[in-house]
Amino acid sequence: MPDTASAASATTRRALDLSAARHHFPSLALEQDGQPVVYFDNPAGTQVPQACIDAFGAYYTGSNSNTGGAFVTSRRTDALIAEARAAMADFLNAPDAREIVFGPNMTTITFALARSLGRTMNPGDEIVVTTLEHDANVAPWLTLADDLGLVVRVAEIAVPDCTLDMEQLRSLITERTKLVAVAYASNVAGTINDVATICAWAREVGALSLVDAVHYGPHGPMDVQAIGCDFLACSSYKFFGPHLGILYGRLELLESLYAYKVRPAHDEAPAKWETGTLSHECLAGLVATLDYLATVGRDHGAAYAEQFPGMSGRRLELHTGLAAIQEYERGLSRRLLAGLAALPGVHIWGISAEGDLTQRVPTISITVDGHRPEELAAQLGERGIFTWEGNYYALYLIQRLGLMDAGGTLRIGLVHYNTPDEIDRFLGALREIIGA
Ligand SMILES: Cc1ncc(COP(=O)(O)O)c(C=O)c1O
């Protein structure tokens with residue numbers, strides 16, 4: 001997998017021009033009490049570029065139709081779906097656009113996939129998940145286990161870094177394992193998991209692998225071929241697009257697995273997985289968002305091109321764009337972590353060592369002695385700084401950290417349109433709230 005760590009030290013590279021990137025996002029101009037609001041609620045959903053908003057309108061005025069009709073708006077809709085599949089294949093470096101399945105969100109897609117995979121499993125078969133999962137990558141397997149008499153095993157973590165215990169995880173993957181379902185990045189602690197190694201372990205025992213890339217999506221380039229996963233699920237509302245879920249599945253599997261669908265529907269992949277009518281306007285928005293991310297690659301990504309041999313055109317631009325974003329975001333993590341470390345009574349749940357920033361995305365969870373997370377989030381919200389609090393559906397993790405009764409954590413979730421100035425404003429507000 002490409003690592004842009006070395007890129008961070010390169011002095012000749014033009015840093016991501018943030019003012020230009022921010023300019024694409026009209027909602028960043030929103031004000032509260034005469035000040036621009038600060039969006040640190042990104043892990044729950046990101047803001048979208050103007051091009052994405054415009055694409056919705058353009059779809060409704062020029063293409064609005066169902067698929068397969070003998071007239072122009074329907075033909076445009078068919079072409080749009082094909083274009084969205086091709087663009088997502090570029091985004092994920094999928095070899096074939098037929099490996100891209102669209103659905104309403106990751107959770108719904110994963111429940112549907114679980115039902116299909118269940119037809120290949122027998123009582124006593126095992127599924128491995130980790131303590132770092134969002135419940136959307138746990139509940140589908142627990143409910144399937146309940147239906148079929150399967151066993152779900154949960155990989156442990158180290159605390160407070162919230163990194164996987166790889167040795168223990170490896171020991172859980174055995175001949176009995178049929179699926180390993182693992183998050184690319186934790187939506188609470190920001191940990192990036194070594195998904196390529198974990199998928200290789202699954203392959204060694206003949207198990208399938210599913211990567212939940214919902215949280216990782218906005219933070220770095222993704223390459224399903226380098227990861228070696230069988231499935232990868234993500235959601236475009238987390239990477240500057242509309243509310244839409246996307247599944248990558250290896251073509252051979254999408255073709256051979258049984259899909260639950262209505263009877264006259266196509267038997268071919270990916271159509272057999274897309275039950276009902278898709279949100280065509282969202283697909284139009286998705287294409288526009290991916291165009292925006294490709295623009296970031298065109299404007300700022302040239303220096304990263306050598307990390308993606310064999311890629312060209314939009315595929316390369318998307319990957320170099322996300323590589324530039326990744327490098328910029330590491331600077332944000334560094335600043336926020338240093339600022340938090342200087343505050344008394346603040347505990348960081350996740351990787352905080354300067355040397356390990358390549359192993360995390362800039363999603364930072366904290367607790368503060370004497371202050372409940374919901375109180376902090378409310379007071380920050382009053383100041384126009386949007387954070388989140390609670391368990392974020394990461395039940396195993398919040399339980400493991402012993403924070404369930406304490407109200408979970410306060411989560412500060414940064415993306416590339418956030419700035420060092422916003423971090424400083426947040427730190428100032430937090431200092432004031434906790435009286436530091
Ligand atoms: C890591 C992770 N996985 C899965 C989900 C569920 O995604 P969706 O809302 O698309 O169902 C989320 C949502 O926050 C998430 O953060």
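Residues are numbered from 1 along each chain, following the sequence as written. Because the model is predicted, local features need pLDDT of at least 70 and side-chain atom pairs count only at pLDDT 80 or more, whereas totals for chains, interfaces and linings use all residues.

The protein chain is assigned domain 1 (5-48 + 326-434) and domain 2 (53-289), with bounds taken from an automatic or database domain assignment. The C-alpha centres of domain 1 and domain 2 are 26 Å apart, and their contact involves 28 residues from domain 1 and 34 residues from domain 2, two residues being in contact if their C-beta atoms, placed from the backbone, lie within 7 Å. On the side of domain 1 that touches domain 2, at least two residues each are supplied by α12 (313-341), β14 (363-368), α14 (395-400) and β17 (409-413); here helices (H or I, at least four residues) and strands (E, at least two) are DSSP runs numbered from the N terminus. The largest share of this side, 4 residues, is that of α14. By class, this side of domain 1 comprises 15 nonpolar, 9 polar and 4 charged residues, where Ala, Val, Leu, Ile, Met, Phe, Trp, Tyr, Cys and Pro count as nonpolar, Asp, Glu, Lys and Arg as charged, and the others, Gly among them, as polar.

The antiparallel strands β16 and β17 are joined by 3 bridges, and tryptophan 388 stands opposite arginine 411 in β17.

Helix α3 (residues 50-62) packs against helix α11 (residues 280-300) at an angle of about 145°, with the axes 8 Å apart; axes are lines fitted to C-alpha atoms, for helices over the stretch in contact, and angles run from 0 to 180 degrees between N-to-C directions. The residues of this contact, which include Phe56 and Tyr59 of α3 and Val287 and Tyr292 of α11, divide into 11 nonpolar, 3 polar and 3 charged.

Around the ligand there are 13 residues, of which Asn105, Thr107, His134, Asn187 and Ser235 come nearest, a residue being near if its C-beta atom, placed from the backbone, lies within 6 Å. This shell consists of 4 nonpolar, 8 polar and 1 charged residues.

Conventions:
Pairing = 2+ DSSP bridges.
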